[in-house]
Amino acid sequence: MDQPTPRDELVANARGMGLVARSAPGLAFILLAMTVVSGAAPAVAVAGTGKFLATLPEAIAAGAASPAGREVREALVLIAGAVFLSQLVGPLQQAVLFGLQRKFEAYLSRRLMTATVALPGLAYFEDPEFRDELAVAHWIGFGPVHTLQFMVQVFQQGAQLVAMAAVAATYAGWVPVLVLLSAVPGGVASWRFESITGLARWRRSEDTRRAEYYRNLAVTREPGKELRIFSLPAWARARQARHWLAGVQEMLALRRTGLQWVLGLHAVAVAGVAVAYVVMLRSTIDGRTAVGTFTAASIAAVGLSTAVVAMLREASRARRSSFYLPSAMRVLGLAEADPRLDLSGTTPARRAHLHPAQGAARARTGIRFQGVSFTYPGTDRRILDRLDLDIEAGTSVALVGENGAGKTTLIKLLCRFYDPDEGRITVDGVDIREFDLDDYRSRLAVIFQDFVHYNLPARDNVGFGALQRAGDASVLREAAARVGILEQIEALPEGWDTTLAREFGGVDLSGGEWQRVALARAMMAQVGRDADLLVLDEPTASLDVRIENELYGHFAELSRGKTTLLVSHRFSTVRMAGRIVLVAGGRVVEDGGHETLIAAGGRYAELYEVQASHYRLTGTLE
Amino acid sequence: MSGTFSRVVRVYRVILGLAFAAAKGKAVALFLTAGIFGMFGAVTGLVTKLVVDALSGGDPGRAMGIGVLYLVLYGVAALMDDVASLLQSDLGERTSQAVEQKLMEVSSSAAGLEHLERPEYADKVKLVKDRSFIPYFAFTNLNAMSSVLFGLTAAVVLLAFVHPVLILLPVVVAPGVVIQFENYRKHFKRHDRTAPDERLARHYLELATEPASAKEVRLFGLGPHLIERHRKLTDEYNGMLFADQLRRAWAGVAAGGLYGAGLAGAIGFVGWLAIDGRATLGDVALVVQVARMAVGQVQGAARQAAWLAELSFVGERYLWLLEYRPTVVVKPAGEAAPAPARVEAGIAFEGVSFTYPGTEEQVLSDVSLFIPAHTTVALVGENGAGKTSLVKLLCRFYDPTAGRITVDGVDLRDMDLDGWRERTGAAFQDFVHFQLVASEAVGVGDLPAIDDLERVGASARQAGADRVIERLPGGLSTQLGRWFENGVDLSEGEWQRVALARGLMRPAPALLVLDEPTASLDPRAEHEVFATFASMARTGSEEGPITILVSHRFSTVRMADMIVVLHDGRIEEVGSHDELLAAGGRYAQLFRMQASRY
């Protein structure tokens, strides 16, 4: 991420405030109104105290019944009233600020979700810069609220500053001017100091994240076994220490040098106050100024100087979080600015043409890859190279090939997570880029190799395959039954409502159980929304023999009438499909039935032999 | 309650110990300055009084003298404040870091895995990890308390000098302190109750925005649904928290009323005394300044005290971890038997039973088994049969509940554990996706050789990871994974080969553990890997390690010299492939089931 310019920060902060206001307009307004009251009250208290101190000697001299005595009583009432008011408003204001903060955080999360899910493809997720910005946006939540909080404070302190300046000015107008002017250099130094050290840390945030990574290696469960077996604890600690130091070193050094400047310039502020104080004291000793005036003005002058420096220091701290704001704001606007998947092919008119009324007959001709080439954005290895493949409607095809041959990529293109660089993919004769994306995807039932473990109830884990039918228990049951997981789900402590994650108060499933839950989800898409294209990427990798065998028995039924694409390393699974396609070097190199390919004695036959030989028995079973 | 208190004191002792260890001089300086600062407000009040009294009493020389002294003090205090705030951040960072290091040390020095795997323990460890900023707060809290204590004491003393009745000021506002303290405490408590929902909201956010779930979210059109759930959930708990906060704000208002009354009362009282001639003008100036400060400090004390409630909660768990005595007790190197360079006779399980701590179910029951040196053993069985538990005992992540495991007759519990692990190589099903550069992701398998690119390369070749590495833009120096800058993510199969290469890094292992190492590999790679292991085990059968293989795949299993079939935590069959097939038991049945499809 580039270092933001002050202008970027300003713009991002302004947008951030706009978001705060939009997240909870009512609360934001109430907060502002309260700020006016709670800001004015302490200022009134300061003014009242000034008045009280200045008039008291006269009241002592003239007695309580004199006009001065009355003024003293009035000042006292003013102080009491102001203190009461600010004490009363204070807690309510805190509560409102709290509410606003929470609401805003949730609102920002939703905006982030909206912006991300609006990205139709996956290209952004390959982009490291996007990933960084997204990560930053996740925890930026409080930034704008801090800014708001700070502005509330500035207003309150500002009002007090004015009151103190006014009281100090009762001696002479130059007193507050001198005090303020002399405090400015120290304040500016603090501001510079904070932003320089803050930036130093920001630049090394990668090191800080690495330190955290090594910390987690040592204290979390997942790496526990390898950490111990390979005797890594001391190494992890040393690495953590190294990156921690790299993360803060520059900042610590800058702080030290910066401090000299801050001290020097702050001394100017102290000198300013000292001059004003001595002059006032001299004039009081000489009898040119009343003792009361001196008391009030000198307290105000010292208070003014302290408050100005403190306020500027606060301001610079508030800036810490705003370095990150521009990137967070950028993420929010990405989908509209540059979706990286060209959706312009689908005009509303065409969509209507392609999708007549629901249920209307379509000519089903299957899936066709025509000269498809593809390279992942930001890389230069061509994964698919003018690949041609026809899958007739209603038939099953198994894709085989070595790791990295492009099988999963082919599936990603079919799901339209990316568009091909060259060539086209058609379904029922229509380029998939011309379909409405959501409609098109609703025709697909897919289990991915790296399927998601939703830390949610079993009901959601299966139901997410077809949200619109997820409330229908019979559909859920049927999907689960098709992959043989129904009994296990219903035997869970809370049945379908059991959360599938121990850390969320539920239970943990084994790898094989998870895989069947994910399969049930794909089945849900099939049962619940009539998806007619079935894609199974490594559906049996974690299943044990018995379960794989059961699934094998179900396969014909699962894929009946569906156009099915199956990817697997297990040839026992591959043989479920009627036709086998071997992909190598980004192209289809062999294509045919199992027997044909074996007879041809090519690459498939060789790979098959490698695996099958392990199962061949010496005469006992053939 | 007093128990809790003494625990809190102990938490502070530990944190202070770390702060002092991090930078002794700075820590002392900081606590002193915090105390001095606390009193500075009182000093200002006193000086103002003295100056004003001197002026009223017509002693100009004295007034100027005290005035100048005050200015000097003011200047010193103002500049010291700058230094102190720097010291505080500096020391805070160092203390936090010291705490992190301590946490790493305590957690990772436990030889076993119980504290990470047992849910009720894991929750504690996780809490300490997630709130590692808390010790820093403990530190600033202590600092603030020191400031409040000194300041308040000084204020009360000064007020008492003006008039004894003024001592009542802190007493009058005391109910307010209690109200506020309770407020803060309940606030923290309420937060603990909404924590599970907040985690769930976080999960929705992650599902919608992270790459891992991006495919399914798009395919199943889950986006709007997840957003809606997030909205409902957050509205619900935020609404509750806000209502709660508002309700409690009224108690705060009442407390504020008391503060206001106390303050106005004190100022009015001393004003009345002055007019009555019983107090000087200076006394009034003093009370005006000191009373406000005192009330402010009382409020601050309430806030800080409430932090104690939160701190004691986290601190409890932190202390628990510090005092955690693992069930796997390691003998000190001096008393332990040295680990053998290679296994001469074999490894024996003698009547081994095992139940995970905190559970009821026995996962291994009376397992007896002898594994001769240099053999390859395959563990077979359905999910939950006890294969992985047996492996965990062998790696000594846990100790058996009954019986013992011996290596050449020496109980594993009496053996130098570091030495034994140095002779163990392993690859697990749930291997780590190390976000390191490629050479290190392999090299950590044998730390002394982490920079030895030749050995790293050799292990990579053996595991078939060399082809993965060749394809990387920067070869062995490519950052792996997508967590860090310029990282390249691998496919699951590629990650697995890296993990295997790591498991092969030990130069001459006595034991090699492969727990489902090939689930994501293609047939050719799988075959190569097996061939490698088979040859490792056999080349000069004098040298080869004992290899333990866990797998569902019979193609792998049949290559082993010895196959052990586990069922419900017991050994059901032991023998070679041919023997077991001939026996026609469970093994034969499962094998035929898989073979029939080829």
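1. Two strands are taken to pair when DSSP finds at least two bridges between them. On that basis, in this predicted model, 6 strands of chain B form an open sheet in the order 6-7-8-3-9-10, with mixed pairing. Strand 6 (424-427) and strand 10 (570-575) of chain B stand at the edges, and because each has a single partner strand, one side of each is left without a neighbour in the sheet. From one strand to the next, the twist averages 15 degrees.

2. The pairing at one end of this sheet can be followed residue by residue. Strand 9 (residues 562-567) of chain B and strand 10 of chain B pair in the antiparallel sense over 5 bridges, and among the residue pairs are His567(B), which stands opposite Arg570(B) in strand 10 of chain B, and Leu566(B), whose bridge partner in strand 10 of chain B is Ile571(B). Strand 9 of chain B and strand 10 of chain B form a hairpin with 2 residues between them, and in the turn Asp568(B) has a positive phi of about 50 degrees.

3. The pairing of strand 9 of chain B with strand 3 of chain B is of the parallel kind, with 4 bridges joining the two strands. Here Val377(B) has Met562(B), in strand 9 of chain B, as its bridge partner.

4. Two helices of chain B deserve mention alongside this sheet. Helix 16 (residues 492-503) of chain B lies across strand 6 and strand 7 (511-515) of chain B, and runs at about 170 degrees to strand 6 of chain B. Helix 20 (residues 586-595) of chain B packs on the sheet by touching strand 3 (376-380), strand 9 and strand 10 of chain B, and its direction makes about 100 degrees with that of strand 9 of chain B.

5. Turning to chain A, an open sheet of 4 strands has the order 2-1-4-5, with antiparallel pairing. Strand 2 (382-391) and strand 5 (430-431) of chain A stand at the edges, each with a single partner strand, so that one side of each is left without a neighbour in the sheet. Strand 4 (residues 422-427) of chain A pairs with strand 5 of chain A in the antiparallel sense over 2 bridges, and Thr426(A) stands opposite Asp431(A) in strand 5 of chain A. Helix 14 (residues 407-414) of chain A packs on the sheet, where it touches strand 1 (367-375), strand 2 and strand 4 of chain A, its direction making about 115 degrees with that of strand 1 of chain A.

6. The overall form of chain A should be read with its secondary structure, which comes to 23 helices and 10 strands. Its radius of gyration is 36 Å, well over the 25 Å that the globule rule gives for 622 residues, so chain A is more spread out than a compact globule. Taken along the principal axes, the C-alpha atoms of chain A fill a box of roughly 120 × 55 × 50 Å.

7. Within chain A, the axes of helix 1 (residues 6-23) and helix 3 (residues 67-117) come within 9 Å and cross at roughly 105 degrees, which makes helix 1 of chain A roughly perpendicular to helix 3 of chain A. Leu19(A), Val20(A) and Ser23(A) in helix 1 of chain A meet Lys103(A), Phe104(A), Tyr107(A) and Leu108(A) in helix 3 of chain A. By class, this contact has 5 nonpolar, 1 polar and 1 charged residues.

8. Leu10(A), also found in helix 1 of chain A, is partly exposed, with 14 other C-beta atoms within 10 Å. Leu10(A) and Leu325(A) are 315 residues apart in sequence, yet 9.4 Å apart in space, C-alpha to C-alpha. Leu325(A) is one of the buried residues of helix 11 of chain A, and the others are Pro326(A), Ser327(A), Ala328(A), Met329(A), Arg330(A) and Val331(A). Because 7 of the 8 residues of helix 11 (residues 325-332) of chain A are buried, the helix is largely enclosed by the rest of the structure.

9. As regards the interface, 127 residues of chain A are in contact with 130 residues of chain B. Helix 3 of chain A contributes 26 residues, the largest share of the side of chain A that touches chain B. The residues on that side divide into 74 nonpolar, 31 polar and 22 charged.

Technical notes. Residues numbered from 1 in each chain as written. Chains lettered and ligands numbered in written order. Predicted model: local features only at pLDDT ≥ 70, side-chain atom pairs only at ≥ 80, totals over all residues. Axes fitted to C-alpha atoms, helices over the stretch in contact; angles between N-to-C directions. Parallel < 35°, antiparallel > 145°, perpendicular 65-115°, else oblique. Contact = placed C-beta atoms within 7 Å. Nonpolar A, V, L, I, M, F, W, Y, C, P; charged D, E, K, R; others polar. Buried ≥ 20, exposed ≤ 12 C-beta atoms within 10 Å, placed from the backbone. Rg over C-alpha atoms; globule rule 2.2 N^0.38 Å.
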